[in-house]
Amino acid sequence: MSDSRPSRSPLSSSSSNAPADARSALLKRAARDAMDYLEGEDARSVAPTPQAVAALSALRGPLPPGPTSAETVLHLLHEYGSPATIAKTGGRNFGFVNGGCLPAALAASWLVSAWDQNAAFFVQSPTAITLEEIALDWVRDLLGLPAGTGGAVVTGATMANFSALAAARHALLARAGWDVELDGLFGAPPITVVVGEEAHASVFKALGMLGLGRNRVVRVPVDGQGRMRADALPSLDAQTILCLQAGNVNTGAFDPADKIIPAARAAGAWIHVDGAFGLWATTSPKYRKLTKGFELADSWATDAHKWPNIGYDCGLALVRDPETLRAAMSMEASYLLQGDHREPSYYNPELSRRARGVELWAGLRSLGRSGMAEIVERTCAHARRFAEGLRAAGFEVLNEVVINQV
């Protein structure tokens, strides 16, 4: 066993309470700085000023030869770092598809940092692993996915796509009698990957990392909104991974899953859904129809730091048969003993990992079903309002505003 307790300096040995008192004062200062930042956000521009960005140079330079007090470090962060951030925790940032952060998720994030848990195995953090299990069950239920669907809480949709597609790679090659985790891809039976012309870059990045290739894909033509054309789908078989999209990043459009998936399932293809933000439309009675058919897929990737507003970072890889994900991600070491609980590190790429499932649990618990639906419907209403105002001002809106993209 290793002793990871911090050593005390001679300067702190005169009082047994001095280190704890100093830490308490530092954390209270950090909380005040955080509140100062949040409460002042509406009074500043969303983008930092050029002067604030230029002032970051004060943080450069060689690493000091000796220690710097924690108070000084915190002062430097708030003095120079805070003004150079993008003000995205309020309601005025409309760039990209970046969510804000729910108060409960933010507070939970602070507590998680104080806990300093390694959410790898149950024996290391029963709280973190239990709350992650509960949160995954809630997500499965909210998204209307099949009973038994399992998954992993990862950093974002890129790693979610990577993890789910790793499960797909395992399943298809195992079906062909090949153990890709042990024997690699050299000499493996070929896999065909089919994507839409406007598949997100994170899908291609995941395919590249998995050795399936960014260019070795069959690209299906799309319509004017970026939706995969069902009538242009190539022949599929049991050695095919078909990647669909729920929420085009530019238009918000959804591939016609109800028209594509039945034929793909009949052919034996593995169907993966990149639903980084769009899958959450399922939580709204008003927009649920957009996700019809996606529940019939084999795997799904989505973000919790987008529509659910959990805060960075938090993504989800979900798989109909979680054993395929475990087979792709599990590892063996003499000191890593499998307990009776689900062990997160056997279902995602990381071993040591932050307990981000706790923040997911806190955010979803604070929202409930109605709160999640309200976020979807409110932001979609904002997008429609933007589109109407832009058209009235003489601009051309290029997409059909179906959800929160305009």
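Does Ala201 count as buried or exposed? Ala201 counts as exposed, because its relative accessibility is 54%. Buried means under 20% relative accessible area, exposed over 50%, and partly exposed in between, using a 1.4 Å probe and protein chains only. Ala201 is found in helix H8. Helices (H or I, at least four residues) and strands (E, at least two) are DSSP runs, numbered from the N terminus. Between Ala201 and Val154 there are 47 residues in sequence and 18 Å in space, C-alpha to C-alpha.

A word on the source. This is a predicted model, where local features need pLDDT of at least 70 and side-chain atom pairs count only at pLDDT 80 or more, while totals for chains, interfaces and linings use all residues. Residues are numbered from 1 along each chain as its sequence is written, and side-chain values use heavy atoms, with hydrogens and water left out.

Now the empty spaces. Rolling a probe the size of a water molecule over the atoms shows where empty space is left. On a 1 Å grid over the protein atoms alone, a cavity is a set of points where a 1.4 Å probe fits but cannot get out; a pocket is an open set with protein on both sides within 12 Å along at least five of seven lines; lining residues have an atom within 4 Å of a point. Grid points are joined across faces, edges and corners, and a volume is the space filled by probe spheres set on the points.

The largest pocket has a volume of about 1,100 Å³. Its lining is made of 44 residues, and Phe96, Val97, Asn98, Gly99 and Asn404 lie nearest the centre. H11 (356-392) is one of the helices that each supply at least two residues of this lining, and the largest share, six residues, comes from H11. By class, the lining has 18 nonpolar, 21 polar and five charged residues. Here Ala, Val, Leu, Ile, Met, Phe, Trp, Tyr, Cys and Pro count as nonpolar, Asp, Glu, Lys and Arg as charged, and the others, Gly among them, as polar.

Phe96 sits in the loop between H3 and H4, and its phi is positive, about 55°, although it is not a glycine. Phe96 counts as exposed, because its relative accessibility is 80%.

The second largest pocket has a volume of about 920 Å³. It is lined by 31 residues, and the closest to its centre are Ala34, Tyr37, Leu106, Ser109 and Trp110. H1 gives the largest share of that lining, eight residues.

How many cavities of 30 Å³ or more does the structure hold? It holds one. The largest cavity has a volume of about 60 Å³, and among the residues lining it are Gly196, His200, Cys243 and Asp274. Strand S4 (residues 240-245) supplies the largest share, three residues.

Last, two helices. H6 (residues 157-175) and H10 (residues 322-329) pack at an angle of about 95°, with axes 8 Å apart. Axes are lines fitted to C-alpha atoms, for helices over the stretch in contact, and angles run from 0 to 180 degrees between N-to-C directions. H6 and H10 are therefore roughly perpendicular to each other; angles under 35 degrees count as roughly parallel, over 145 as roughly antiparallel, 65 to 115 as roughly perpendicular and the rest as oblique.
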